[in-house]
Amino acid sequence: MPVTEKDVRDALKTVKDPELGLDLVVLGLVYDIQIQEADVKAYISLTSPMCPVAEQIVDEAKLAIA
């Protein structure tokens, strides 16, 4: 069964901003999702430009989508 945008959004709901305790979808940080067969790209932003846990959030988002 092919991956859908809903599947990706559901996966990203498991990734939380550690300071706010809210997920990326609820925070409105998911801007675009592109799916081509098994290749998924999610465009997200962070709550602050100098976010100290940016790498952690990106890594968690990649794992959730995988």
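This is a predicted model: local features need pLDDT of at least 70, side-chain atom pairs count only at pLDDT 80 or more; totals for chains, interfaces and linings use all residues.
Helices and strands here are DSSP runs, counted from the N terminus, with a strand needing at least two residues.

Glu37 sits in the loop between S1 and strand S2 (39-44). Most residues other than glycine have a negative phi. Is Glu37 buried or exposed? With a relative accessibility of 78%, Glu37 counts as exposed, because the cut-off for that label is over 50%.

Step along into strand S2 and you come to Val40. Val40 has a relative accessibility of 22%, so it counts as partly exposed. Setting aside residues up to four places away in sequence, Val40 touches Val3, Val8, Gln34, Ile35 and Ile65. Pro18 is another story: it lies 22 residues from Val40 in sequence, and their C-alpha atoms are 24 Å apart.

Neighbours within four places aside, Val8 is in contact with Val3, Ile33, Ile35, Val40 and Ile65. Val8 also belongs to the largest nonpolar core, which has 11 residues in all, among them Leu12, Leu24, Ile33, Cys51 and Ala61. Where do these residues come from?

Now for the two helices. How do H1 and H2 meet? Their axes come within 8 Å and cross at roughly 135 degrees, so H1 and H2 are oblique to each other. The crossing of H1 past H2 is right-handed. On the H1 side, the contact is made by Val8, Ala11 and Leu12, while H2 brings Ala61, Ala64 and Ile65. By class, that contact has six nonpolar residues, with no polar and no charged ones.

Last stop: the loop between helix H1 (5-12) and strand S1 (30-36), where you'll find Gly21. Gly21 has 40% relative accessibility and therefore counts as partly exposed. If you look back from Gly21 to Ala11, 10 residues away along the chain, the C-alpha atoms are separated by 16 Å. Ala11, remember, is one of the H1 residues in the contact with H2.

Methods
Residues are numbered from 1 along each chain as its sequence is written. Side-chain values use heavy atoms; hydrogens and water are left out. Helices (H or I, at least four residues) and strands (E, at least two) are DSSP runs, numbered from the N terminus. Buried means under 20% relative accessible area, exposed over 50%, partly exposed in between (1.4 Å probe, protein chains only). A nonpolar core is a set of buried Ala, Val, Leu, Ile, Met, Phe, Trp, Tyr and Cys residues joined through side-chain atoms within 4.5 Å. Contact means heavy atoms within 4.5 Å. Axes are lines fitted to C-alpha atoms, for helices over the stretch in contact, and angles run from 0 to 180 degrees between N-to-C directions. Angles under 35 degrees count as roughly parallel, over 145 as roughly antiparallel, 65 to 115 as roughly perpendicular and the rest as oblique. A crossing is left-handed if the near helix is turned anticlockwise from the far one by less than a right angle, and right-handed if clockwise. Ala, Val, Leu, Ile, Met, Phe, Trp, Tyr, Cys and Pro count as nonpolar, Asp, Glu, Lys and Arg as charged, and the others, Gly among them, as polar.
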